[in-house]
Amino acid sequence: MLSDKKVTRFKNTALKVVGINLEQKWGSKHITDKFVLAYSGGLDTSVLIKYLQEKYNAQVITVTVDVGQQEDIKAAEEKAKKLGVLKHFSIDAKDEFAKDYIFPAIKANALYEGKYPISTSLSRPLIAKKMVEIAEKEGATGLAHGCTGRGNDQVRFDVTLGSLAPEMKIIAPVREWGMTRDEEITYAKTKGIPVSNAAKKYSIDASVWGRAIECGLLEDASQAPPEDAYEWTTSPEKAPNTPEIVTIQFEAGVPVGVNGKSMVPLELIEEVNKIAGKNGVGRIDHIEDRLVGIKSREVYECPAATVILEAHKDLEKMVMTRHEVLFKQQIDAEWVFLAYAGLWVDPLKDDLDAFINKSQENVTGEVKLKLYKGSLQIIGRSSPNSLYDKNLANYNIKTSFNQSYSKGFIELWGLQTRMYNTLKKANKKKA
Ligand code: ARG
């Protein structure tokens, strides 16, 4: 039980906390808000700069985080400055993204609904983290992002930002302003915001782990994506006529080399993107269940992710016991769901990471793959920790696999199955 004194003290502290929250939450007419905005240089977030300045009377600090989206970061910076931001930060987070976000996803064989390597999802918690770091340094009062109310990204930003900076105001004006894409383009034009041709045709989001292409013709799920939707992959028809063999070296569950050459995480992913992309490997077209209940037709190109995840999964099966393989599938499914669903900072993800990291200790070895005109085939693997023993499989060594034991094993293994079927037969006869 708390003493009265303690209760009063607690109440006061609580009130103080609420007080701060309310002041920051609702602001004051006299204080201009200072927002840190996650800025991509694209249409939504460019319109947002003007909107925050005009409708919120706010000062805007933009942050562009380079996660390997292969967009012109410098151009985004110049565009932000032209739109009158207070300050702009360009942050190169590619190495951190590869090491601390993509590598854990590789260990977890992360494919949402069996298809999508969560190339967008993974980048959101990192961008949110960078936003909060800058907001704290710059004494900002709020955080803003350009997500719509239909997608998953709003969930990822709101949950991560709200967890890392609970005292700050978090706003997503695109969710409320109700402008259509065409209206945004018109608004942009009237405010002198440059609109690129690409922005008119597709909505793109990319990280070094993959590129997501949305909008326009792609919304008709029955139609094949036009060729111009793709930028990182050659069309399989135009890919080289000879297969390319590539080997990936793994150490403790993460890739460390390509064709025998050691590489740091980012360099390795970029290299595999090039090799696989050239051979037309990594195009994904599927129907995806968003968190908010919408089914969406998603088109991605994720060359490195497709190759590396396939190789990793194969190597795991060589070194893990069957019990580990089957149990880990459940853990992996939960992990990818959390990462997709915006719960990167939930403690459950840390708990799962602890299991996954331990499970990767023996995942060392090499996987050989054949890439050919859009197809990907695993053609070999080896590991110092292999549980595959070609002698066992060939039944050559009597001492380590005694075939006569199998008879007894099967007797017990099928006991209940035989009982059930015998009973069924007997009951049928009776009827
Ligand atoms: N459906 C994917 C996801 O939720 C990709 C979203 C792409 N995001 C975007 N803003 N265009 O992760």
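This is a predicted model: local features need pLDDT of at least 70, side-chain atom pairs count only at pLDDT 80 or more; totals for chains, interfaces and linings use all residues.
Q: What do H4 and H10 bring to their contact, by residue and by class?

A: From H4, the residues Lys94, Asp95, Ala98, Lys99, Ile102 and Phe103 meet Pro265, Leu266 and Ile269 of H10. Divided by class, the residues of this contact comprise 6 nonpolar, no polar and 3 charged.

Q: How do you know whether Ala229 is buried or exposed?

A: A residue is called buried if 20 or more other C-beta atoms lie within 10 Å of its own; Ala229 has 21 such atoms within 10 Å, and it is therefore buried. Ala229 lies in the loop between strand E7 and strand E8, the latter covering residues 244-251. Leaving aside residues up to four places away in sequence, Ala229 touches Tyr202, Ile213, Leu218 and Val299.

Q: What makes the span of helix H2 close to the one expected?

A: Helix H2, residues 43-55, has 13 residues and reaches 18 Å from its first C-alpha to its last, which is close to the 18 Å expected at 1.5 Å a residue. The expected span is taken as 1.5 Å times one less than the number of residues. Within H2 the buried residues are Leu43, Asp44, Thr45, Ser46, Val47, Leu48, Ile49, Tyr51 and Leu52, and just after H2 Asn57 takes a positive phi of about 50°.

Q: Which residues are around the ligand, and which elements give two or more residues to that shell?

A: The residues around the ligand are Thr120, Ser121, Asn152, Asp153, Ser203, Asp205, Ala212, Glu214, Glu288 and Glu298. The elements that give two or more residues to the shell are strand E6, residues 203-207, and strand E7, residues 210-214.

Q: How many residues of each class does the shell around the ligand have?

A: The shell has 1 nonpolar, 4 polar and 5 charged residues; Ala counts as nonpolar, whereas Asp and Glu count as charged.

Q: What percentage of contacts in the chain join residues at least 24 apart?

A: Among contacts between residues at least 6 apart in sequence, 73% join residues at least 24 apart. The chain has 16 helices and 14 strands, and of its 431 residues 35% count as buried.

Terms used:
Residues are numbered from 1 along each chain as its sequence is written. A residue is near a molecule or strand if its C-beta atom, placed from the backbone, lies within 6 Å of it. Helices (H or I, at least four residues) and strands (E, at least two) are DSSP runs, numbered from the N terminus. A residue is buried if 20 or more other C-beta atoms lie within 10 Å of its own, exposed if 12 or fewer, and partly exposed in between; C-beta atoms are placed from the backbone. Two residues are in contact if their C-beta atoms, placed from the backbone, lie within 7 Å.
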